[in-house]
Amino acid sequence: MSLLIRNGDIVTATTRFTADILCENGVITAIDRDLPVPPGAEVIDATGKVVFPGFIDPHVHIYLPFMGTYAKDDWASGSKAALMGGTTTLIEMCCPSRAEDPLEAIRLWKSKAAGLASCDYTFHAGITKFDDTTAAAMTAIVKEEAISSFKVFLAYKGAFGIDDTELYRTLVTVKELGAVLTAHCENAELVAETQKKLVAEGKTGPEWHEPSRPISVEAEGCHHLMTFAGMTGTEVYVVHTSCRPAVEAIVEARARGVKAGIETVAPYLTLDSSYAEKPEFEGAKWVMSPPIRSKEQQEFLWQCLADGTIDTVATDHAPFDFATQKHMGHPEADKAVDASFEPTGKPANFTLIPNGIPSVEERVKLLYTHGVATGRIDLHAFVRLASTRAAEIFGLYPRKGEVALGSDADLVIWDPAWRGIISAATHSMATDYSAWEGWPVEGRPELVTVRGKVMVRDGTWCGDTGWGTFLERRPKD
Ligand code: URP
Ligand code: ZN
Ligand code: ZN
Ligand code: ZN
């Protein structure tokens with residue numbers, strides 16, 4: 001299987017040049033002008049188009065038992081949606097319950113992707129409890145399961161959240177293993193107490209989600225993690241950073257020598273807190289944690305993308321249907337949607353709305369439309385934020401995130417002239433709504449390859465369910 005992409009305007013995180021790209025046996029084997037066509041090769045003319053390395057989303061949820069239900073996509077729909085949006089590698093959060101062994105969980109999460117994933121994938125291994133067996137399980141996750149990053153939640157008290165002793169022990173073990181610890185940073189106790197207070201005051205609608213976990217609570221979570229990471233010397237990466245005080249807490253720790261990556265996500269860059277205020281419970285569509293903030297915070301995040309403070313733009317894709325699942329937090333809801341979860345028995349309120357937004361398909365188009373097309377970021381920053389930095393931080397570079405000899409032939413031929421509209425009627429995600437319904441977008445992935453195989457052509461799906469492979473990752477030196 002060989003593919004010759006002719007005359008593309010190739011843009012990476014650091015360079016831009018016009019050339020042909022030859023892809024053979026899944027990798028890039030030649031980059032030059034006027035390459036000869038090998039016998040049997042398919043030739044694609046990319047004149048007038050931009051060629052990017054395949055985009056990487058380092059924070060998605062596909063198999064996610066959470067808040068009394070399961071996220072809506074499976075790996076077939078989730079990875080197809082990713083590819084339709086130009087994302088060729090996904091890193092999924094493996095989120096076991098406290099009762100599950102993290103090593104068994106990784107095996108379960110892998111089994112959900114195998115045979116269904118169309119794009120390549122790996123996982124951050126969730127640690128939701130730390131007991132006498134956890135260090136050994138984490139060692140096996142790194143050495144036997146070839147996963148070199150972990151995930152903890154400082155939020156979600158009583159569910160995924162860990163306490164400080166568990167956090168410290170996890171950080172020490174991650175450091176010993178030479179891995180990276182990703183973390184959701186919000187102070188769980190403050191969230192729980194504020195939720196109780198607001199509900200007691202009768203403040204029960206989706207618009208109260210943001211006030212229940214304000215920016216100070218997220219900043220405290222970041223500062224908290226930075227203090228612990230500074231003590232243990234562990235490399236950390238803060239997921240879905242939404243606001244200035246959170247970023248500043250991390251930047252301040254960086255100045256003290258803490259090695260800390262910063263991620264933000266597409267919803268924070270494009271939406272604001274007014275969406276959760278929409279009447280008739282519609283605001284539930286925009287409930288995620290940390291919450292979507294003010295326009296002022298959004299502008300600050302864009303500055304951090306431009307100046308390099310923020311490393312990556314992910315999605316935190318966590319898809320729940322509006323009509324059923326989001327309605328678990330509707331005042332008239334009284335039971336879990338999935339029979340396998342216990343009904344809560346409590347009157348519903350915003351704290352029972354499954355947190356998350358379906359977004360894996362729209363990230364790259366939104367970043368291009370609201371970042372590149374508006375002049376907020378240049379094309380190199382776009383590639384760095386949506387692809388290359390994630391590959392570097394999580395041990396995938398230069399196999400992924402680069403257009404170079406020997407790199408995987410994951411390529412996106414981008415049509416900057418295309419104009420379209422986002423809609424749930426046409427998206428590939430399994431959810432019944434889009435958080436960006438009716439929004440115009442500029443540019444789209446016209447052709448997308450994974451290891452040299454064309455998965456999207458003329459913006460239309462032509463992929464192979466199950467083509468995706470698990471990416472082994474070893475600790476960096
Ligand atoms: O609201 C969110 N973010 N849902 C998914 C779980 C998580 O916290 O990442
Ligand atoms: Zn999170
Ligand atoms: Zn603290
Ligand atoms: Zn998440």
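What follows are my notes on the backbone, the core, the ligand shell and the hairpins.

**Ground rules.** This is a predicted model, so I noted that local features need pLDDT of at least 70 and side-chain atom pairs count only at pLDDT 80 or more, while totals for chains, interfaces and linings use all residues. Residues are numbered from 1 along each chain as its sequence is written, and chains are lettered from A and ligands numbered from 1 in the order in which they are written.

**Cis peptide bonds.** I looked up the bond from Ser-289 to Pro-290 and found it cis, with omega near -10°. Pro-290 sits in the loop between helix H9 (266-270) and helix H10 (295-306). For these names, helices (H or I, at least four residues) and strands (E, at least two) are DSSP runs, numbered from the N terminus. I also noted a cis bond joining Tyr-397 and Pro-398, with omega about 5°. Pro-398 belongs to the loop between helix H12 (379-393) and strand E16 (411-421).

**Positive phi.** Asp-34 is not a glycine, yet its phi is positive, near 50°. I found Asp-34 in the loop between strand E3 (27-32) and strand E4 (42-45). Is Asp-34 buried or exposed? Asp-34 is exposed, because 8 other C-beta atoms lie within 10 Å. My cut-offs were 20 or more other C-beta atoms within 10 Å for buried, 12 or fewer for exposed, and partly exposed in between, with C-beta atoms placed from the backbone.

His-240, also not a glycine, has a positive phi of about 30°. His-240 lies in the loop between strand E13 (235-238) and helix H8 (244-255). His-240 counts as buried, because it has 21 C-beta neighbours inside 10 Å.

**Another loop.** I placed Asp-163 in the loop between strand E11 (149-153) and helix H4 (164-177). Asp-163 is partly exposed, because 13 other C-beta atoms lie within 10 Å. From Asp-163 to Ala-99 I noted 64 residues in sequence and 15 Å in space, C-alpha to C-alpha.

**The core.** A nonpolar core here is a set of buried Ala, Val, Leu, Ile, Met, Phe, Trp, Tyr and Cys residues joined through C-beta atoms within 7 Å. Which residues of the largest one touch the most other members? They are Val-51, Leu-225, Val-238, Ile-250 and Ala-260, out of 146 residues. H12 gives the largest share of this core, eight residues. I then followed Val-51: leaving aside neighbours within four places in sequence, its contacts (C-beta atoms, placed from the backbone, within 7 Å) include Ile-5, Ile-10, Ile-21, Val-403 and Ile-413.

**Ligand 1.** Around ligand 1 I listed His-61, His-184, Met-288, Ser-289, Asp-316, Ala-318, Asn-355 and Gly-356; a residue is listed if its C-beta atom, placed from the backbone, lies within 6 Å.

Strand E17 (residues 440-450) and strand E18 (residues 453-457) run antiparallel, joined by three bridges; two strands pair if DSSP finds at least two bridges between them. Val-450 has Lys-453 in E18 as its bridge partner. This hairpin has two residues between its strands, and Arg-451 in the turn shows a positive phi of about 45°.

E18 also pairs with strand E19 (residues 460-461), antiparallel, over two bridges. Val-456 stands opposite Trp-461 in E19. I noted two residues between the strands of this hairpin, where Asp-458 has a positive phi near 50°.

Note on methods:
Two residues are in contact if their C-beta atoms, placed from the backbone, lie within 7 Å.
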